[in-house]
Amino acid sequence: MRSRTIILVAILICSCSKDAPNSTTDPGSVVHAAPLQGSVSGVLTRDSSPYNVIADITVENNDSLLIEPGVKILFFDSTALFVFGQITSVGEQERPITFTAFNHTWSGINIEASPGDNQFRYCEISKIATPYHPTPEKGSVTLRNSRVSIINCIIKNNRADEGGALSSMGSEITLLNNILMDNQATTFAGALVSMSSVSTILNNTIYSNSSSNYGGAIVIVDPVHDEIQNNIIYSNSSISGDSRIAIFSGDSSRVIAKFNFFGTNNLDPDFVSHSDLRLLPSSPCIDHGNPVSEHNDADGSQNDQGAFGGPLGDWQGFGLREVAVD
């Protein structure tokens, strides 16, 4: 079955219309790219990367898609990725997987009623601008009735009505050591909205996100169980509601929120820079996460709050570094 699905992807790549665009205008991109549209499954290989998504792509129910480290997927305007089967997108620190726009924006990732364990690690997701959607759970990356883990990823510069970076509805979502920055929501949750979900949100840096209405960073709606620990949630903004963690409705006792850094006007995390969110040695976030040993940093010391602390914090934030920290 595995060989069959790989062949399906190869056929799909080779059978697109001869009139479909197969080159990018970005001078930093590879000229010849493999076009994608319709149903996809099997493996997207680094050797065939980059891929140009010229129409919506879908991982159908009972199918799976594996994306190799180093793959770049460039989405044309108004195109999106839909997952009803299972997706595994696991890159490497030196070879991350990139989901971004071919030109200006694209319409995001939608994982719905997926029966599998979907994974994103060492991925960068950017330049999504979702169209208006009448239901409240539509975000840049939208999860409905699915299980998803997102680890060591950067989700930045996206826009959505509700959930500038992520929207989880009736799902089980695990967020470990990610950077969510410079995302925007029109009405609800500049970074993340969790609705009727089980959410584990540990050691993330959630920075400079905004909502034009309610909740600048995280919004919890009718929680089932939400654990929010060891994060840096800083410099997010909204017109109303708490710009850090806002519980919109439901039983607040189902939300565990502790050992997070929020900062004040006189206390900031001491990032290296606006784009390099590693911590300077003077940072008040060092050794201030949960002191229980299971949360310790990779070197065994007490948890450093934010994306570079905790057991999975030994990464460098590909694509955001400016200068080295001594």
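## A loop residue and its setting

A: A165 sits in the loop that links β15 (159–162) with β16 (166–169). Strands here are DSSP runs of E, at least two residues long, while helices are runs of H or I of at least four; both are numbered from the N terminus. The model is predicted, so local features need pLDDT of at least 70 and side-chain atom pairs count only at pLDDT 80 or more, while totals for chains, interfaces and linings use all residues. Residues are numbered from 1 along each chain as its sequence is written, and side-chain values use heavy atoms, with hydrogens and water left out.

Is A165 buried or exposed? A165 is buried, because its relative accessible area is 0%. Buried means under 20% relative accessible area, exposed means over 50%, and partly exposed lies in between (1.4 Å probe, protein chains only).

What does A165 touch? Setting aside residues within four places in sequence, A165 is in contact with S140, V141, I155, L180, N183, G190 and A191. Contact means heavy atoms within 4.5 Å.

T130 lies in the loop between β11 (123–126) and β12 (141–144). T130 is buried too, because its relative accessible area is 12%. Its contacts, not counting residues up to four places away in sequence, are W106, S107, K138, G139, S140, R159, A160 and D161. S140 is also on the contact list of A165.

Now step back to the whole chain. The protein has one helix and 29 strands. Of its 326 residues, 55% are buried. Take the contacts between residues at least 6 apart in sequence: 70% of them join residues at least 24 apart. The accessible surface comes to about 13600 Å², and carbon and sulfur atoms account for 49% of that. These areas come from the Shrake-Rupley method with a 1.4 Å probe.

Nine of them form an open sheet in the order β2-β4-β7-β10-β13-β17-β21-β25-β29, with parallel pairing. The edges are β2 (42–44) and β29 (255–258); each has a single partner strand, so one side of each is left without a neighbour in the sheet. From one strand to the next, the twist averages 10 degrees.

Strand β10 (residues 117–121) shows the pattern in detail. Its covered face holds N118 and F120, while D117, Q119 and R121 form the uncovered one. In a regular strand, side chains alternate between the two faces of the sheet. On one side, β10 is joined in parallel to β7 (residues 86–90) by three bridges. Two strands pair if DSSP finds at least two bridges between them. In that pairing, V90 has R121 as its bridge partner. With β13 (residues 147–151), β10 pairs in the parallel sense over five bridges. There R121 partners I151, and Q119 stands opposite S149.

Other strands pair as well. β3 and β5 (residues 72–75) are parallel, with three bridges between them. Y51 has I73 as its bridge partner in β5. Four bridges then join β5 to β8 (residues 97–101), again in parallel. There I73 stands opposite F99.

F99 leads inside. It touches I67, I73, F75, L81, S89, W106, I109, F120, C123, E124, I125 and S126, leaving out residues up to four places away in sequence. F99 is also among the members with the most links in the largest nonpolar core, together with I67, L81, I109, F120, L166 and I218. That core has 48 residues. Strand β3 (residues 51–59) contributes the most, with four residues. A second, separate core of 16 residues includes Y122, Y234, F261 and L279. A nonpolar core is a set of buried Ala, Val, Leu, Ile, Met, Phe, Trp, Tyr and Cys residues joined through side-chain atoms within 4.5 Å.

How confident is the predictor? The average pLDDT is 88, and 86% of the residues score at least 70. pLDDT is the predictor's confidence in each residue, from 0 to 100. Over residues 1–31 the pLDDT is below 50, and this stretch has 46 contacts beyond near neighbours in sequence. Residues 322–326 also have pLDDT below 50, with 12 such contacts in the model.

Note on methods
Axes are lines fitted to C-alpha atoms, for helices over the stretch in contact, and angles run from 0 to 180 degrees between N-to-C directions.
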